[in-house]
Amino acid sequence: MSDSVLVPHLSDAMVRVTEIAAIAAHKMVGRGDEKAADQAAVDAMRRAFNSVDFQGRIVIGEGERDEAPMLYIGEEVGTGNGPAIDIALDPLEGTTLTAKAMANALAVLAISPRGGLLHAPDTYMDKIAIGPGYPEGVVDLDETPAANITAMAKVAGKPVEDMTACVLDRPRHADIIESLRSVGARICLISDGDVAGVINTTNSDTGIDLYVGQGGAPEGVLAAAALKCVGGQMQGRLVFRNEDERGRASRVGITDFDKKYALSELASGETVFCATGVTKGGLVDGVVVGKGVTVTDTLVMSSADGMVRKITSRHRSA
């Protein structure tokens with residue numbers, strides 16, 4: 001796409017950023033310290049941004065400025081030269097997974113021209129997501145999980161018993177799990193990492209057909225940026241537990257607290273999505289440290305051309 005704002009060199013630079021964050025986080029795998037693992041990824045990602053020629057602005061980050069000294073919402077990153085870009089990021093998606101040396105920990109970010117990503121507050125979001133290949137509207141956040149997966153099975157031409165939904169293993173999802181099992185659908189329960197859970201719907205090798213449940217709103221925007229690249233579908237609605245959370249939404253310009261967001265509203269602009277594995281998972285392999293070399297595996301998606309790439313990089317170890 002010749003008029004693309006997200007020029008190829010910027011996409012390559014974002015891969016480098018997530019690679020550096022993943023390598024830093026990997027040093028904390030299995031050490032039982034979630035905060036230290038997250039901090040290592042944050043520090044490394046922030047340093048990596050310093051050399052990128054763009055006017056970067058964090059719209060989904062580590063929290064509001066008074067809560068996060070680095071990569072906070074509204075922070076400007078990059079050299080200040082080049083295109084004006086909004087960034088959604090999670091330097092370590094799966095802090096618990098990293099601390100416990102479990103699968104599917106990722107360093108993740110998405111970029112879009114200014115205004116291309118929803119400025120989601122740090123609250124929860126009800127989400128439903130599916131991969132490409134289905135007609136628009138086959139699922140709806142306001143339908144029951146049973147009705148949604150049954151509709152998908154009908155379109156796919158296979159028994160609902162052969163359909164699999166991915167759900168975060170949380171007590172709040174008991175009704176969702178009961179609904180899915182009432183029609184015989186399979187359920188893949190995950191302990192953490194709902195960005196990976198959503199993205200798994202884009203790859204038939206994972207066996208995941210549907211993601212449904214309640215997770216972080218910032219992670220919802222990150223996942224939407226990935227789905228936009230491959231033609232998936234997603235809906236989300238913000239969930240507020242108290243007035244403080246409504247205040248956070250107001251501060252980022254949200255006035256309709258009951259709005260059901262479509263994928264095109266969560267990620268309205270051209271997007272590039274990058275996810276580098278910290279630990280091995282269904283999407284990408286984790287960081288592997290050898291003698292004198294460190295190997296990373298990164299998933300890169302672009303909405304401009306629908307391209308999905310896996311990049312394996314060899315880094316010279318110090």
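Analyst: Happy to. Helix H2 makes the biggest contribution to the lining of the largest pocket, giving five residues. Keep in mind that this is a predicted model. The pocket itself has a volume of about 1000 Å³. Its lining counts 38 residues, and those closest to the centre are Asp-90, Leu-92, Thr-95, Asp-122 and Glu-219. Besides helix H2 (34–49), the elements that give two or more residues to this lining are strand S3 (84–93), helix H3 (95–99), strand S8 (210–216) and helix H7 (217–230). By residue class, the lining divides into 15 charged, 13 nonpolar and ten polar residues.

Now to the strands, starting with S9, which spans 233–239. Six of the seven residues of S9 are buried, so this strand is largely enclosed by the rest of the structure. S9 has pairing partners that can be followed bridge by bridge. Strand S5 (residues 124–130) runs antiparallel to S9, and seven bridges join the two. One place to look is Met-125, whose bridge partner in S9 is Leu-238. S9 also pairs with S10, again in the antiparallel sense, over three bridges. Here Arg-237 stands opposite Lys-260 of S10. As background for reading such pairings, side chains in a regular strand alternate between the two faces of the sheet.

That leaves the rings. A search of the whole structure finds two aromatic pairs. One of them is formed by Phe-240 and Phe-257, with 5.0 Å from centre to centre and 55 degrees between the planes, which makes the pair tilted. Phe-240 lies in the loop between strand S9 and helix H8 (243–251), while Phe-257 lies in the loop between H8 and strand S10 (260–262), so the pair ties together parts that are 17 residues apart in sequence. The two rings can also be placed by accessibility. Phe-240 has a relative accessibility of 13% and counts as buried, because the cut-off for that class is under 20%. Phe-257, at a relative accessible area of 24%, is partly exposed.

Lys-259 lies over the face of Tyr-261, and its distance from the ring centre is 5.4 Å.

Notes:
Residues are numbered from 1 along each chain as its sequence is written. This is a predicted model: local features need pLDDT of at least 70, side-chain atom pairs count only at pLDDT 80 or more; totals for chains, interfaces and linings use all residues. Side-chain values use heavy atoms; hydrogens and water are left out. Rings of Phe, Tyr and Trp (its six-membered ring) pair if their centres lie within 6.5 Å; planes under 30 degrees apart count as stacked, over 60 as edge-to-face and the rest as tilted. Helices (H or I, at least four residues) and strands (E, at least two) are DSSP runs, numbered from the N terminus. Buried means under 20% relative accessible area, exposed over 50%, partly exposed in between (1.4 Å probe, protein chains only). A charge sits over a ring if NZ of Lys or CZ of Arg is within 6 Å of the ring centre and within 35 degrees of the ring normal. On a 1 Å grid over the protein atoms alone, a cavity is a set of points where a 1.4 Å probe fits but cannot get out, and a pocket is an open set with protein on both sides within 12 Å along at least five of seven lines; lining residues have an atom within 4 Å of a point. Grid points are joined across faces, edges and corners, and a volume is the space filled by probe spheres set on the points. Ala, Val, Leu, Ile, Met, Phe, Trp, Tyr, Cys and Pro count as nonpolar, Asp, Glu, Lys and Arg as charged, and the others, Gly among them, as polar. Two strands pair if DSSP finds at least two bridges between them.
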